[in-house]
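Trainee: I am new to this structure. Could you walk me through it and tell me what each term rests on?

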Amino acid sequence: MELDGAPAAGLERELSSWGCAMNILSIQSHVAYGHVGNASAVFPMQRLGHEVWAINTVQFSNHTGYGAWRGPVFPADAIREVVAGVEERGVLPVCDGVLSGYMGDASIGEAILDAVERVKQANPSALYCCDPVIGDVGRGVFVRPGIPEFIRDRAMPAADVATPNQFELEHLTGVAVGGLGAAKIAASALRAIGPKVVLVTSLQTPETPDGVMELLAVDGEGAWRVRTPLLPVSVNGAGDAIAALFFVHWLTTRSAAEAMSKAASSVYGLLKATAEAGSREILTVAAQDEFVRPSRVFVAEPI
Ligand SMILES: Nc1ncnc2c1ncn2[C@@H]1O[C@H](COP(=O)(O)OP(=O)(O)O)[C@@H](O)[C@H]1O
Ligand SMILES: Cc1ncc(COP(=O)(O)O)c(C=O)c1O
Ligand SMILES: [Mg+2]
């Protein structure tokens, strides 16, 4: 490849990520219009140079935050069928990770865990990241009955990495997050039931300063916090993007602090562009350079 002049620092990073491209099996929702689920998660991973094998749990017209949508929740067997077809290609030994998000139905959750088991049988070093999509502080629980229990009792014990928002962390652990200390306790409680790496998104406790958004990452080595400005937006799909970015950066670096810093910086850039455009949908395509070279980098501090 010929470069015209010296490569920009960002380009070097972009090129270096191609050197450790991974294969990610991503099983979550799909929407035709807008960006949530796979329609939010797939492209950022691809933009970073990774291959994504996307399997859709639902195909909706748009995200459910609009209050109205159309389209099917696929039966669990449809997901099993596609996983079996991928397996028949003989490629599961080179699958580096499974990412799951919005399940649509608890029976789909079982199909996802079967896929995780098959991938891990084929490649014992593959890892499973479960984004436990249950709800959020404003809307409460927004998934079908049975899904929260399934995630708590079946998916969390199988997960290596989990990316709850504050509401989901409280819901899964029963620990009220009244401050950062309590958030660390809740994250440890979640680690005790399965995932050894936990990223908590959208932390806003009584201790959080005005105008600030916090994220917390906890692993076996410690806990770190990132703070960004709070943007005047309320969007869907940012959680799906941050889970995907955190998972691929963590697989690449094995550093929860670095993966959180990179993922949070990219999503901040994405949402800042979204706020400036006054868009109801996140600008996944228009702001794509933020995935590779975030305009502003927020460093993770040990806490
Ligand atoms: N209003 C906001 N201002 C700044 N960052 C935000 C805002 N909303 C979301 N984010 C970023 O996106 C991340 C994921 O969003 P979040 O709302 O936690 O996901 P989910 O949709 O899964 O609840 C947050 O941790 C934060 O980094
Ligand atoms: C179909 C679908 N998938 C996924 C999500 C999760 O989106 P978020 O990233 O905001 O948690 C939603 C939320 O409304 C949704 O409707
Ligand atoms: Mg979410």
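**How the terms apply here**

Mentor: Let's begin with aspartate 240, which touches Gln28, Val36, Gly37, Ser40, Ala41, Gly101 and Asp131, leaving out residues up to four places away in sequence. This is a predicted model, in which local features need pLDDT of at least 70, side-chain atom pairs count only at pLDDT 80 or more, and totals for chains, interfaces and linings use all residues. Residues are numbered from 1 along each chain as its sequence is written, while chains are lettered from A and ligands numbered from 1 in the order in which they are written.

Trainee: What makes two residues count as being in contact?

Mentor: Their C-beta atoms, placed from the backbone, must lie within 7 Å. Serine 29 has contacts too, among them Val36, Gly37, Asn56 and Tyr102.

Trainee: Which residues does the "binding site" annotation cover?

Mentor: The unreviewed UniProt entry places it on Ser29 and Asp240. They span 212 residues in sequence, yet no two of their C-alpha atoms are more than 9.9 Å apart, so they gather at one spot. UniProt positions follow the numbering used here, feature names are shortened, and annotations may be inferred rather than shown by experiment.

Trainee: Where does aspartate 240 lie?

Mentor: Aspartate 240 is in helix 8 (residues 238-253), and serine 29 is in strand 1 (residues 23-31). Helices (H or I, at least four residues) and strands (E, at least two) are DSSP runs, numbered from the N terminus.

Trainee: Which residues come nearest to ligand 2?

Mentor: Ser29, His63, Thr64, Tyr102 and Gly239 do, out of 15 around ligand 2. To be near, a residue needs its C-beta atom, placed from the backbone, within 6 Å of the molecule. Helix 8 gives the most to this shell, with three residues.

Trainee: How do the residues of that shell around ligand 2 divide?

Mentor: Six are nonpolar, eight polar and one charged. Ala, Val, Leu, Ile, Met, Phe, Trp, Tyr, Cys and Pro count as nonpolar, Asp, Glu, Lys and Arg as charged, and the others, Gly among them, as polar. The shell around ligand 1 has eleven nonpolar, five polar and one charged, and helix 9 gives the most there, with four residues.

Trainee: What makes strand 9 and strand 10 a pair?

Mentor: Two strands pair if DSSP finds at least two bridges between them. Seven bridges join strand 9 (residues 212-218) to strand 10 (residues 223-229), and these strands run antiparallel.
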